[in-house]
Amino acid sequence: MTPQIRTALRNALRTGLILFVFSLIGTVMLAFTHDRTEPTIARSQQAEKLALISQVLPAALYDNDLLASQQNVPPDALLGTRKPSAIWIARRGGAVSGVVLEAVAPDGYSGDIALLIGIDIDGKVTGVRVTAHRETPGLGDYIDRAKSAWIDQFAGKSLTAPPPKHWKVAKDGGVFDARAGATITPRAVVKAVKSALDYFAHRRAALAATPEPGVQP
């Protein structure tokens with residue numbers, strides 16, 4: 001082996017060793033940063049989720065740890081879901097007082113409209129919020145609470161108030177307002193909220209009997 005080859009090999013080994021050391025240091029730093037920031041990120045995400053939930057379910061309605069009550073439910077046509085979704089069970093004095101459901105309006109003008117729906121134990125809507133959508137800005141996006149108060153009209157509604165035949169936008173003979181020229185989007189939301197109420201009605205007894213986490217039945 002010539003001196004030139006030996007020198008080239010030594011240089012290659014030295015370069016490889018340096019790269020390895022830097023890679024190792026970088027990996028350790030990333031792992032350290034992740035471990036330090038993950039709890040903060042998790043707390044921030046939980047705070048954001050709880051803030052959104054509190055918009056659809058009044059705090060006076062529950063005294064349990066709502067985030068800890070989260071359960072996953074399988075896809076259901078009444079919820080408009082095609083994959084497992086979340087449900088949060090509210091309790092007051094140990095008794096189930098309401099729920100918060102994730103639902104989807106699959107027939108929005110531009111596709112799925114993700115919803116968070118609060119329902120008390122009597123089957124009345126306590127609040128609705130749109131959590132994701134792709135509706136046309138300036139036309140159908142008024143369903144977003146940040147854009148208008150349109151979504152607030154669901155509060156207090158139930159399967160009997162109004163009667164099922166009036167769970168439509170006003171243009172279709174129902175009681176829910178909708179802006180002219182943008183009725184596809186609100187139709188989808190109205191239909192999704194009523195379907196979520198149907199879902200709750202079908203499962204109210206089972207949900208009311210759900211044992212509290214950490215409490216022996």
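Buried means under 20% relative accessible area, exposed over 50%, and partly exposed in between. The structure shown is a predicted model.

**View 1. Salt bridge between D112 and R82.** At 29% relative accessibility, D112 falls between the two limits and therefore counts as partly exposed. R82, at 61%, counts as exposed. The closest N and O atoms of the two residues are 2.4 Å apart. D112 belongs to strand β4 (residues 111-120), whereas R82 sits in the loop between β1 (71-73) and β2 (85-92), so that the bridge links parts of the chain 30 residues apart. A search of the whole structure finds eight salt bridges.

**View 2. Salt bridge between K191 and D107.** Here the closest N and O atoms are 3.6 Å apart. The pair links distant parts of the chain, with K191 in helix α2 and D107 in strand β3 (residues 95-108), 84 residues apart. K191 is exposed, its relative accessible area being 52%, and D107 is partly exposed at 32%.

**View 3. Salt-bridge network of R129, R145 and D152.** The side chains of R145 and D152 meet at 3.0 Å, N to O. R145 is partly exposed at 35% relative accessibility, and D152 is partly exposed at 30%. Shared partners join R129, R145 and D152 into one network of salt bridges.

**View 4. Aromatic cluster of Y142, W150, F154, W167 and F176.** Ring pairs link these residues, and the count of aromatic pairs comes to five. The ring centres of Y142 and W150 are 5.7 Å apart and the planes stand at 85°, so this pair is edge-to-face. Both Y142 and W150 are buried. F154 and W167 form a stacked pair, 6.3 Å centre to centre with 20° between the planes. F154 and W167 are both in the loop between β5 (125-132) and α2, 13 residues apart. F154 is buried at 0% relative accessibility, and W167 is buried at 5%.

**View 5. Surroundings of T210.** T210 lies in the segment after α2 (184-208) and is buried, with a relative accessible area of 15%. The T210 side chain reaches the backbone oxygen of L207 at 3.0 Å. Leaving aside residues up to four places away in sequence, T210 touches Q71, I89, R91 and V96.

**View 6. Nonpolar surface patch including M29.** L17, F20, V21, L24, I25, V28 and M29 make a patch of about 680 Å². M29 is placed in helix α1 (residues 3-56) and counts as exposed, at 53% relative accessibility.

Technical notes. Residues are numbered from 1 along each chain as its sequence is written. This is a predicted model: local features need pLDDT of at least 70, side-chain atom pairs count only at pLDDT 80 or more; totals for chains, interfaces and linings use all residues. Side-chain values use heavy atoms; hydrogens and water are left out. Patches are made of residues with over 30% relative accessible area and no salt bridge: like charges are joined within 9 Å, nonpolar side chains (Val, Leu, Ile, Met, Phe, Trp, Tyr) within 5 Å. Accessible areas come from the Shrake-Rupley method with a 1.4 Å probe; for residues, only the protein chains shown count as cover. A salt bridge is a side-chain nitrogen of Lys or Arg within 4 Å of a carboxyl oxygen of Asp or Glu. Helices (H or I, at least four residues) and strands (E, at least two) are DSSP runs, numbered from the N terminus. Buried means under 20% relative accessible area, exposed over 50%, partly exposed in between (1.4 Å probe, protein chains only). A polar contact is a pair of N or O atoms within 3.5 Å; within protein, one must be able to donate a hydrogen and the other to accept it, and residues adjacent in sequence count only if both atoms are side-chain atoms. Contact means heavy atoms within 4.5 Å. Rings of Phe, Tyr and Trp (its six-membered ring) pair if their centres lie within 6.5 Å; planes under 30 degrees apart count as stacked, over 60 as edge-to-face and the rest as tilted.
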